[in-house]
Amino acid sequence: CEDMHITNQTDVFKALGPKIKAELYDGNAIVLFAYGLSGSGKTFTVFGMDAVDNPVSWFHQPTPHDMWGLFPALAYELFQDKQDGWKITMKYFQNVVDIVRDLMSPTGEERMYKEGMRKDQDGFMDIEWCSSAQLNSWDDLRKTFLTANARKAIAPTQFNHQSTRGHCIMVLDVTMPDAEDPTMKKRGRIYVCDLAGTEPAGDIVYATYKKVMMPDGTEEQKYTGPHKDQKKTKELQEQGKKINLSLSEMAQFFMKMAEAFKKKKLKPGMTIPGCNSYFLCKFLKDTLLQSKTYLFCAIRPEVEYLKYTFATLGFAKNASVVQLAPKKATTACTPAERKLLAQLEQMKQELEAAKKAAAEGGGGGGGGGEGPAAAPSEADTEAMAEMQKQLEEARNALANADNSGPKDNSQQEELEKQREQYAKRGISLMEFESNTAKPHFVNLDEDPFRSKRFLYILKEAETTTFGPKCDCSPPSFSLKRDHCSVEPFDDGSFILIGGAGDTFLNGKYVGNGERVALAPYDWVAMGTEMMLFSTPGKNPDAEPDMDSVFEAFQEAVETRAMAGGGGEGGGGGEDAAMAKRIEELEKANASLQQTNSTEAEDVDTMDVAAIVPVYKRCKEVAQLCKELDRDMLRFDPALAKNPDTKKINVTIKVKNTQNNEEISLTEDQFRAAASVLSDEKFKLDMALQNDDFYETPEQHDPINVMYDNNCFHLGSATMFPEYLVYCLDTDEGDFNCEAKRSVSPYDVVGTVEHMWVLLSGENAEEGEGEIPEINDPSELIGKPWTGKLTIKRAFDLPVMVDQAYMTYEFFGSNGREQFTTNQMEEGITHAPVLDYSFVHHVPVVTQEFVDFLESPIPLQLYVSPAVDSKALRKARPVSTSNQTIRRALMGDDAGAGSDPFVRASELEKENAFLKSELSNKDKEILALKAEIYKLKNEAASGGGCAGEGEGGAAG
């Protein structure tokens, strides 16, 4: 070990950098793919140090540094090699659960992951709405990345104090003239994929750290234990589930690529079916099939992480067999570009000739003999400066004439337009006003991506009022008109005055008319909008700790709510309705605890305090949907049994009253959906105020946001596999097991068809070899055990679905592991077919495994409802042309809202929509009748899970 060479960052670049650069310059797409456990070095390998506050981070270094990762070392040389006619652009975005965030957007643009994902002209996937920036120098890249990386979603876990909580993808696009053909351009691109950690969701905790000074003078972060707020851990685990599923899908994709390669069927540009349910695979799979891919599998050396190491190496083994010929991208130079290139070359030659003449002949052309040349004359110097200026203008013209890659002109124009629109609401963008010297508020958010986007610059000679249609109108539906105000004084001090809405100052409630002095770095909460008061030149050295600020705010809100304070929409009938709902949930929880022991085992008591904020958020989102003309949506807090911990969590039940379809969302999913809808309302409001037209993207229709972007946990079916201890197959009568809803009232929501078949060995076929006879469980200990689980389908579901999958736990090579079935991705049905089979092999049975088989095994069912909102969007578009929305956002006097002819037109559209819905239901009924007929025929012919055996399940 002492003699072992430790590979450093420089070694990695020397081994790979020149090869990657040559491939890039030849017009290839390059994928740098980092995979592994959090804290194993994924980000460090591809980027190097990247913390904003770390002076060694690569974007703080103007010249090469031995801690640089592969990408900055490659990019630095790229900009040194950059020539006239080259255009380099960058996109950088992050996938967090079902959302894509544009990390380069100054307004914090985020959309549902299906929105705007399209293939470009070369067949590579792109996210059209994400902004791109043209980079002219290495310093441009450093500055752009520094700003964008600060918006990345990270969280401290026990694995890493800065764990990336979503997949980050940076795309560097390089367009350059083809040296061998001046009429063509090559287009290379680098995809840097810094994936979230692969650790199981249930293992993650939200952690606390402290800085420790090391003997060599450096600082390190030391893990001190889980955070006291368990809600933070729960949110991370919910995120982790989606991360795990997306990584599992990517692993399946690599396995399918490997199988196709072994069969010599893998060709560039081909598609591989399936693996299309989550952002990561949906975005990357077609790109991976036509790129040069470099896979970096990072592992941690600690023994405690050994099982993760095996899993990572297994992924690497499957991926390493794949070899692909990449697809090169080229495009023709336009006549204007060819002309500009020729002019540019001529101007360069003229400038060089002028410099040479000036150097040789000096000013006026004298100076023979052996003596030194005279200095250029003032006229020569001015002439060369003018030529240099014209040369730079020609270079800029050439860069702007290039239309083969991403364009950012329209994006810049849109940003300027947004800047003007925000200004009309008293909002300044941090992107433009970060150096303001005026007193102001800056918005805060627990999510760094949404924090410090907006400034509210205060008037210095008169009172500034906050709320809708006031001096400052923050983009939050929790504020009321004249919510509160800030009054200045001649000595430069300011007073916060309570108004019509809930306002808190440093955790203390400020009542209507109450006047409280403001001090620099005080935090103020207006409704749910949090702000930090700043007076440049007078601020303390350090801002308050954000975690502490939000904890104090949550405590203040809960204290006021428990004391009977009004709150947003509180008091009176609202409080009575909330109390009634809590009583209903308490009864549901009590009934669950009174069920049989296997269902009620470890069931926790419900947290009433946790229901209150969820109930209020449900009412706020219901009001928001009503304003967006989607009043058919209903939201209520419900109780859900966590499939991993058996604890009771508060969740949100969503119901569409037009078709009575119900789904349940986690608090994290619901919060993300509400954030998207709030942004859409704000955009509609701004468009109306500026007499512009705006329509929400299809994926941002409230129906789609709630239903179409989430695979939600519908319910659980329970296997009772005790017979497997005796090496027996599943009895015919036990093929089907009921699935119970995951939220109260925990009723039956369908049936799952499954079976176990015992095998004589890991590679044996059914019916091959002898299965041992076991009369007592102790006889199995020490022997090998192999069983094949088949999950054919789920049926009789209460919703039509277009995606479905199941998860379960079983023993694997590293102890208990989570397994995920195939995904149903084709068609729309009440009975999704999964056709999943997996051979589970335990080399040596232990008492732990016997105990496991003697306990129930839940099968967790996740589905995505089929949604077709086109007819509804046609009849009732979520746009500025919708009179219901105009009245809701602008008041009853909103233009044509009172026009009876307009109202008649609206009713005609709604009538057409209802007729279309009726027709769809008729078709659905016919499809169900056909399915019933098919199942009856299968039952009569002995079909079902048993295949060709006798007496299959009737379904």
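User: Where is Asn 506 found?
Analyst: Asn 506 is in the loop between β22 (503-505) and β23 (508-509). Strands here are DSSP runs of E, at least two residues, and helices are runs of H or I, at least four, both numbered from the N terminus. This is a predicted model, where local features need pLDDT of at least 70, side-chain atom pairs count only at pLDDT 80 or more, and totals for chains, interfaces and linings use all residues. Residues are numbered from 1 along each chain as its sequence is written, and side-chain values use heavy atoms, with hydrogens and water left out.

User: What is phi of Asn 506 near?
Analyst: Phi of Asn 506 is near 50 degrees, a positive value in a residue other than glycine. Most residues other than glycine have a negative phi.

User: Is Asn 506 buried, exposed or partly exposed, and why?
Analyst: Asn 506 counts as partly exposed because its relative accessibility is 38%. Buried means under 20% relative accessible area, exposed means over 50%, and partly exposed lies in between (1.4 Å probe, protein chains only).

User: And Lys 469, what is its phi?
Analyst: Lys 469 has a positive phi of about 60 degrees, and it is not a glycine. Lys 469 is in the loop between β19 (464-466) and β20 (484-488).

User: Switching to the whole chain. How many helices and strands?
Analyst: The protein chain has 21 helices and 37 strands. Of its 955 residues, 50% count as buried.

User: What about the accessible surface of the chain?
Analyst: The accessible surface comes to about 43,900 Å², and 50% of that belongs to carbon and sulfur atoms. Areas come from the Shrake-Rupley method with a 1.4 Å probe, and for residues only the protein chains shown count as cover.

User: What share of the contacts is between residues 24 or more positions apart?
Analyst: Such pairs account for 67% of the contacts with a separation of 6 or more. Contact means heavy atoms within 4.5 Å.

User: Now the largest nonpolar core. Which residues touch the most other members?
Analyst: That core has 76 residues, and those touching the most other members are Phe 635, Met 706, Trp 785, Ile 791, Phe 810, Phe 849 and Val 863. The largest share of this core, 8 residues, comes from helix α16 (residues 667-689). A nonpolar core is a set of buried Ala, Val, Leu, Ile, Met, Phe, Trp, Tyr and Cys residues joined through side-chain atoms within 4.5 Å.

User: What does Phe 810 touch?
Analyst: Leaving out residues up to four places away in sequence, Phe 810 touches several residues, among them Trp 756, Trp 785, Phe 849 and Ile 857.

User: Which residues does the second core include?
Analyst: The second core is separate, has 42 residues and includes Trp 58, Trp 68, Tyr 92 and Trp 138.

User: Leu 834 next. Where is it found?
Analyst: Leu 834 is in strand β36 (residues 833-842). Leu 834 counts as buried because its relative accessibility is 5%. Beyond four places in sequence, its contacts include Ile 791, Ala 804, Tyr 805 and Met 824.

User: Back to α16. Is Glu 667 buried or exposed?
Analyst: Glu 667 is in helix α16. Glu 667 is buried, since its relative accessible area is 14%. Beyond its neighbours within four places, Glu 667 is in contact with Lys 231, Lys 234, Val 614, Val 650 and Ile 652.

User: And Gln 239, what does it touch?
Analyst: Gln 239 touches Val 96, Val 97, Arg 165 and Asp 668, not counting residues up to four places away. Gln 239 is found in helix α5. Gln 239 counts as buried because its relative accessibility is 14%.

User: How far apart are Ser 248 and Thr 820?
Analyst: They are 572 residues apart in sequence and 7.9 Å apart in space, C-alpha to C-alpha. Ser 248 is in helix α5 (residues 230-262).

User: Last topic. How many cavities of 30 Å³ or more?
Analyst: The count is 10. The largest cavity has a volume of about 130 Å³. A cavity is a set of points on a 1 Å grid over the protein atoms alone where a 1.4 Å probe fits but cannot get out, and lining residues have an atom within 4 Å of a point. Points are joined across faces, edges and corners, and a volume is the space filled by probe spheres set on them.

User: What lines the largest cavity?
Analyst: It is lined by 13 residues, and Thr 107, Glu 109, Tyr 422, Asp 679 and Lys 683 lie nearest its centre. Helix α16 supplies the largest share of the lining, 4 residues.

Conventions:
1 Å grid on protein atoms, 1.4 Å probe; cavity = no way out; pocket = protein on both sides within 12 Å on 5 of 7 lines; lining within 4 Å.
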